[in-house]
Structures are given as structure tokens and as C-alpha cells.
Amino acid sequence: MSLGSYELFAEYFKHRSGLDLKCYKQTQMQRRIEQFIVNSGFRSYLVFKDSLEKSPELLTSFMRHLTINVSQFFRDKAQWDMLREKILPALRSSSYGTLRIWSAGCSSGQEVYTLAIILQEHFPMLNYTILATDIDQTVLSQAELGIYRDSDLSSSNSLPSNIIEKYFTKTLDGFQVKERLKHNIKFQLKNLLLGAFDTSLDLIVCRNVVIYFTEETKGRIYQGFSESLRTGGVLFTGSTEQIFNLAELNLKGIGPFLYQKQ
């Protein structure tokens with residue numbers, strides 16, 4: 001079944017939303033988009049485009065479908081253990097006062113709050129700020145609200161009951177993050193493909209985000225991350241990602257999926 005020209009739709013959508021679909025791997029992205037179009041009852045890209053123009057709700061739903069929002073607390077726990085045991089102590093000793101951290105592609109917030117729990121539990125005297133960004137306003141708002149289902153807490157490497165009690169409040173909707181955990185976190189809408197990044201950062205956490213981009217786009221993002229880090233700062237990536245051109249990026253590997261700015 002042919003729905004028309006993906007390339008023409010990609011050009012239109014870039015102007016409509018600011019999201020450049022050509023930066024993503026075409027095979028996977030085209031399949032994902034056409035699945036949404038067909039499941040929504042449209043016959044072609046053209047008909048779908050006309051409906052996007054008329055319906056903000058459809059555009060919101062489509063954007064949510066495009067942005068991959070899969071997250072959980074302490075995902076790949078061994079990597080978080082290494083961050084806690086080796087990386088954060090080194091960053092603390094070499095930082096200039098306040099540790100500046102960026103969670104890029106924070107999704108619904110589990111990763112950000114995992115980091116905040118580690119910092120508050122194991123480095124209680126450390127001053128830090130976390131900038132949490134995502135391209136999807138819906139999941140970003142969900143992250144800032146910080147309400148999670150029982151299953152979100154029990155299925156994520158089993159958050160200990162004392163941690164749940166300390167940092168979450170039981171509500172009718174599940175568990176809500178307490179303000180003490182949110183205190184040093186700022187949530188912000190951001191497209192990694194647009195605009196300049198902050199500089200002099202100590203730590204960038206970007207896990208399982210860039211795998212959906214083309215190699216050229218990955219290179220641009222990693223270059224931006226490198227330029228954002230201070231000398232000695234660390235980039236923490238996901239277990240599905242690996243950076244090969246480290247010398248070109250002024251980075252060196254210091255552990256599984258951990259890279260330090262030279």
C-alpha cells in the first residue's frame with residue numbers, strides 16, 4: 001500500500017513542527033509514521049497532512065508517537081552503580097563548586113529522579129543542579145509532575161521500600177515525587193537538533209536517545225555534547241550506544257558507555 005511521498009511529508013513536517021525527520025534513520029521512521037497514519041484511518045500522507053493542519057490534538061498525538069518515550073528507574077543498574085562509585089566522586093573532587101548536570105532526552109523523568117536519588121542518598125553535602133530536557137512537552141510535563149504508577153516503582157530494579165517512603169508520597173493516582181527530590185531540577189523543552197547547548201557542564205546523561213538518528217546527526221549531537229562539557233566532564237550514554245570516533249570528539253572511554261572530555 002503506497003501512502004505517497006515520505007520525502008515531501010518530511011519537508012512539510014519540518015516547517016510545521018521544527019522536527020527534521022531526515023535526521024532520523026528513514027526506514028525505521030517511515031515505518032513508524034505510516035503505522036500511525038494507517039491506524040488513524042488516513043489513506044495518504046496528503047490527507048493526513050490536511051488533518052494535521054486542522055487538529056492540534058492530532059498533532060500532539062502524532063508527536064507523542066514519534067518520540068520514543070521508554071524509561072524506568074535505575075535502568076541498567078550496573079551503569080548507575082559505576083556512576084555512583086567512581087564517576088560522581090571524581091567529578092565532585094574536580095568541580096568548581098556546584099555540579100552542573102544535563103539530562104538530555106529525559107522522557108517521563110525516571111532517569112532524572114534516579115540521578116537525584118543517588119546524589120541525595122550518597123552525596124548529601126554536594127551542591128548540584130540538573131537541567132532535564134525533552135522534545136515532547138507532554139512527557140516533560142509528566143516528568144515535572146512526577147506521578148508514577150505502583151508498577152513503575154516495583155518493576156524498575158525494585159526501588160527499596162525505604163527509598164519509596166523517603167522520596168515519594170502515596171496518592172490516589174500512584175506515587176508522587178516529593179519536592180525535596182525536585183528541588184534542584186529544572187525541566188525545559190528542548191530539541192537536540194536545534195540551538196546551542198549550555199557549556200561548562202560536569203555531566204551529560206543522554207541514554208538510548210541518539211540510536212534513532214542517522215550517523216551524521218549522531219556525530220553533530222556528540223560534537224555538541226563534547227563542546228558542552230568542561231575538561232574532565234563526563235558523557236553517560238545508554239547500553240545500546242557506542243561512540244567510535246573518540247579522538248575527533250576530544251573524548252576518551254573511562255568505563256562502559258562513559259566518556260570523559262579531554
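Partly exposed means a relative accessible area between the buried limit of under 20% and the exposed limit of over 50%. All views show a predicted model.

View 1. Beyond its neighbours within four places in sequence, Arg84 is in contact with Pro89, Ile118, His122 and Phe123. Leu119 is 35 residues away along the chain, with 8.2 Å between the two C-alpha atoms.

**View 2. Asp202 in strand β7.** Asp202 is buried because its relative accessibility is 3%. The side chains of Asp202 and Arg230 make a polar contact at 2.4 Å. Contacts beyond four places in sequence include Leu91, Ser95, Thr98 and Val234.

**View 3. The Phe13 and Phe62 ring pair.** The model holds 20 aromatic pairs. In this one, the ring centres lie 5.2 Å apart and the planes meet at 80°, so the pair is edge-to-face. Phe13 belongs to helix α1 and Phe62 to helix α4, 49 residues apart. Phe13 is buried at 0% relative accessibility. Phe62 is buried too, with a relative accessible area of 0%.

**View 4. The Phe36 and Phe48 ring pair.** This pair is edge-to-face, with 5.8 Å centre to centre and 65° between the planes. Phe36 sits in helix α2 and Phe48 in helix α3, so the pair ties together parts 12 residues apart in sequence. Phe36 is buried at 10% relative accessibility. Phe48 is buried at 0%.

**View 5. Aromatic cluster and a lysine.** One aromatic cluster includes Tyr12, Phe13, Phe36, Phe48 and Phe62. Lys49 lies over the face of Tyr12, 5.0 Å from the ring centre.

Definitions and conventions: Residues numbered from 1 in each chain as written. Predicted model: local features only at pLDDT ≥ 70, side-chain atom pairs only at ≥ 80, totals over all residues. Heavy atoms only, no water. Helix = DSSP H or I, 4+ residues; strand = E, 2+ residues; numbered from the N terminus. Buried < 20%, exposed > 50% of the residue type's maximum accessible area, 1.4 Å probe, protein only. Polar contact = N/O pair within 3.5 Å; in protein donor to acceptor, adjacent residues only side chain to side chain. Contact = heavy atoms within 4.5 Å. Phe/Tyr/Trp six-rings, centres within 6.5 Å; stacked < 30°, edge-to-face > 60°. Lys NZ or Arg CZ within 6 Å of the ring centre and 35° of its normal.
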